[in-house]
Amino acid sequence: MIRIIESHIVKAWKYTGNEFACAQNPKCVFWTEQASLKYPFYFNLRRYFEKSGISQKIALVSEYNPNTPANARCGDKRCPCNMHRYKKQLHIDLCLVEFKEKTNRSNIEYDRGKYRNMWCFKPRPIVAMEFKYNYKFEKWLLEEDVKKLLIMERVYGAQLLYICFATYERSDIARSLKYIKQVIGPKTSIKEKFRLAIGTLEKKDWRIIPVI
């Protein structure tokens with residue numbers, strides 16, 4: 001399944017790049033915020049998932065927290081989701097998760113209209129993605145995102161990790177790739193899971209580069 005997911009990510013990223021580069025979307029209208037990149041990509045990826053039927057198995061979660069947020073309500077006080085609530089949260093821009101327990105209308109709503117939340121069904125992160133838009137290489141901006149993705153792999157078992165950014169400077173690609181390798185370190189098993197999804201706004205060059 002992971003290969004199918006990765007192929008859809010590649011297609012969705014390229015399609016997002018085509019949208020950014022088309023004549024109807026001049027660069028001057030884009031707002032330099034990560035949401036400007038994340039949400040078009042989210043829409044395109046979801047569309048590919050729905051066509052292949054994989055959307056029945058994988059959920060796309062924006063601003064994902066691996067642990068139950070304090071404000072995530074659950075009507076069942078005995079539910080496991082209440083055992084892992086933390087005030088300090090690890091936010092991931094976009095995460096693809098698989099649920100350990102099946103979800104349907106009958107077990108989301110129960111006991112006179114009380115509802116469960118996503119964490120009641122034990123979401124397991126498969127792919128974690130961080131986004132930067134109109135990104136210019138700065139170590140301190142990139143370091144935080146890389147470290148969050150490493151936590152997602154080491155602590156929560158994510159199988160693929162993506163840094164996604166669009167930039168005007170092609171030189172940022174090589175510099176970012178070099179810096180990511182430095183932060184990750186020499187461990188090959190981690191490098192094999194890392195991907196750099198790049199988009200250049202000056203030229204139509206949207207592709208995904210393995211970090212290894």
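Contact here means heavy atoms within 4.5 Å. With that in hand, let's walk through the fold. This is a predicted model, in which local features need pLDDT of at least 70, side-chain atom pairs count only at pLDDT 80 or more, and totals for chains, interfaces and linings use all residues. Residues are numbered from 1 along each chain as its sequence is written, and side-chain values use heavy atoms, with hydrogens and water left out.

**The nonpolar cores**

A nonpolar core is a set of buried Ala, Val, Leu, Ile, Met, Phe, Trp, Tyr and Cys residues joined through side-chain atoms within 4.5 Å; buried means under 20% relative accessible area, exposed over 50%, and partly exposed in between, with a 1.4 Å probe and protein chains only. The largest such core has 36 residues, and Met152, Ile163, Ile180 and Phe194 touch the most other members. Elements giving two or more residues to this core include helix 4, strand 6 (160-167) and helix 5 (171-184). Helices (H or I, at least four residues) and strands (E, at least two) are DSSP runs, numbered from the N terminus. A second, separate core of 27 residues includes Phe49, Ile54, Tyr162 and Trp206.

Helix 4 covers residues 139-154 and reaches 22 Å from its first C-alpha to its last, close to the 22 Å expected, where the expected span is 1.5 Å times one less than the number of residues. Among its buried residues are Leu142, Val146 and Met152, and also Asp145. Asp145 is touched by lysine 132, a residue of strand 5 (residues 123-132). Lysine 132 is itself buried, at 18% relative accessible area.

Isoleucine 5, in helix 1 (residues 2-21), is buried with a relative accessible area of 0%. Its contacts, not counting residues up to four places away in sequence, are Phe49, Ile54, Ile58, Leu96, Ile126 and Val127. Leucine 160 of strand 6 is buried too, at 4%. Ile126 and Val127 are also among the residues that leucine 160 touches. The C-alpha atoms of isoleucine 5 and leucine 160 are separated by 9.8 Å, although the two residues are 155 apart along the chain.

**Aromatic pairs**

Rings of Phe, Tyr and Trp (its six-membered ring) pair if their centres lie within 6.5 Å; planes under 30 degrees apart count as stacked, over 60 as edge-to-face and the rest as tilted.

Tryptophan 13 in helix 1 and tryptophan 206 in strand 8 (residues 205-210) are 193 residues apart, and both are buried. Phenylalanine 41 lies in helix 2 (residues 35-52) and phenylalanine 131 in strand 5, so this pair ties together parts that are 90 residues apart in sequence. Ring pairs link Trp13, Phe41, Phe131 and Trp206 into a cluster.

**Cysteines**

If you are wondering about disulfides (cysteine sulfur atoms within 2.5 Å), the structure holds zero. For cysteine 120, the nearest cysteine sulfur belongs to cysteine 79, 3.5 Å away. Cysteine 120 is buried, at 4% relative accessibility.
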